[in-house]
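Hello,

Here is the structure for you to look through. My notes on what was found in it follow below.

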Amino acid sequence: MVLNIRGSPSQGFMASNLFKRWYSVVPGSTIPASKRRFVPTSGTYPQGFKVSGTHVGVKASNTSFPDLALVVSDRPCNAAAVFTQNKFQAAPVLVSRANLQAQQSTNMRGVVINAGCANAVTGEGGLKDAKAMVSALGSCLDGENNAESILVMSTGVIGQRLPIDKIISGIPTGYKTLSHSHESWLTAATAICTTDTFPKLLSIKFELPSAPGVTYCLSGMAKGSGMIHPNMATLLGVLATDAPVHQQALSQMLKQSVDRSFNCISVDGDSSTNDTIAIFANGAAGGPQVGVSGQDFDHLSGILLEFSQKLSQLLVRDGEGATKFVRIRVRAARSQQSAKAIASSVARSPLVKTALYGKDANWGRILCAVGYTSGLTPEDVIPSSTSVSMGLPKDQGTVLKLLVNGEPEKVDESKAAELLENEDLEILITLNTGSEEADYWFCDFSHEYVTINGDYRT
């Protein structure tokens, strides 16, 4: 299984824009040099799916960037989705959930996504606008109105109505430019960006045990760089595969993979109103249908989990103002639930995040976040049994021991300073209270995060 995440060619980037985060990112320009390696230069995409990215100008300040994305299958799909748990759920979330229920998560055809306005907390008018979007795309399919076969997503400013006329007039244009090409997938991934500095797009090829010799494809695009914290946050994601997958199996696999990927990342600890991860399976590549159990189910579940983790980690790497990408590994925990809770607590600690930005090995802040994790029992964390270390991914030679079985280690400050110069870091917390574990991914807090969010609406 090969992930297409090779770096893109050199792209123009003016020094005056070094710290500017754009409304959205146009392929070929303004992507920071440090992020270009995450943008694929090619990809292999599932049969029967076409995509497009179109400029409609949802934000008045956006005069040229694509901000309307379409993903359409040429045949009915099985589908599944996971939605935000925020009490103020945006109109697109409500409409998408209703459409999935109406179609029983079958006979779905695609999704329409706009960036620049979240259509959240917009009342009955917002619901009307979301329904108008699915109706507009649905009416483009086969000359009929297939509104209930379409999902809708929106991202951007909360509490403002969509410029719906612009969007509705742009949907037929986007439909006419649908394409299977890598360039179209990249443009569509770009069109859903807000404060992202690069489009998040992955694609892979795989086989299933029951269909040797049949090549299947899985592709996915996502957006999000702020308001990121489970369950879930201001993130959108669309996955598509040409493998034939039973709807119940698809739903089960998506929930399992999201729980260990998109629900294991944090940028700033804020949960939002719009987050949605959806997956479509149209079976265009043929072969036996993947059921709710068996070899194919287990194999595809593993593929989807690995894929979702890699895609979700791109969101962390593009966290607003982020300079560090950190993996927390909690090991030897009493339960998987407690391990994940502890990892989450550390990941959202402003003191841990600012220490990492300042390149300060202030491990006391890590222990503090472990200790105040809510919902733990005395048996979950025993201070005298707890160890903490920091190092580089897959490089045991650079591990910095901070705490060993409750006893502090003398920290070599020069070694710590050298270690913290790296972008990718790992924090290992060993509890020695059981055999369960959890992984989490997060970024640091920098001055730029405050700058970005201080003038987000302007």
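**Cavities and a binding-site lysine**

Val352, Ala355, Leu356, Asp360, Ala361, Asn362, Trp363, Ile366 and Met390 line the second largest cavity. Two or more of these lining residues come from each of helix 8 (350-357) and helix 9 (363-371). Helix 8 contributes the most, with three residues. Sorted by class, the lining of this second largest cavity has seven nonpolar residues, one polar and one charged. The volume of the second largest cavity is about 40 Å³. Please keep in mind that this is a predicted model.

In the whole structure, the search finds two cavities of 30 Å³ or more. The largest cavity has a volume of about 60 Å³. Around the largest cavity are Phe206, Leu218, Thr241, Leu250, Met253, Ile279, Leu300 and Leu304. Helix 5 (247-259) and helix 6 (295-317) each provide at least two residues of that lining. The lining of the largest cavity has seven nonpolar residues, one polar and no charged ones.

The other item is an annotation. The unreviewed UniProt entry places a "binding site" feature at Thr194, Lys223, Thr234, Glu320, Asn453 and Thr458. One of these, Lys223, lies in strand 6 (residues 216-223). Is Lys223 buried or exposed? Lys223 has a relative accessible area of 1%, and buried means under 20%, so Lys223 counts as buried. The side chain of Lys223 also makes a polar contact, at 3.0 Å, with the side chain of Thr194, and Thr194 is another position in the UniProt "binding site" feature.

Regards

Note on methods. Residues numbered from 1 in each chain as written. Predicted model: local features only at pLDDT ≥ 70, side-chain atom pairs only at ≥ 80, totals over all residues. Heavy atoms only, no water. UniProt positions renumbered as here; feature names shortened; annotations may be inferred. Helix = DSSP H or I, 4+ residues; strand = E, 2+ residues; numbered from the N terminus. Buried < 20%, exposed > 50% of the residue type's maximum accessible area, 1.4 Å probe, protein only. Polar contact = N/O pair within 3.5 Å; in protein donor to acceptor, adjacent residues only side chain to side chain. 1 Å grid on protein atoms, 1.4 Å probe; cavity = no way out; pocket = protein on both sides within 12 Å on 5 of 7 lines; lining within 4 Å. Points joined across faces, edges and corners; volume = space filled by probe spheres on them. Nonpolar A, V, L, I, M, F, W, Y, C, P; charged D, E, K, R; others polar.
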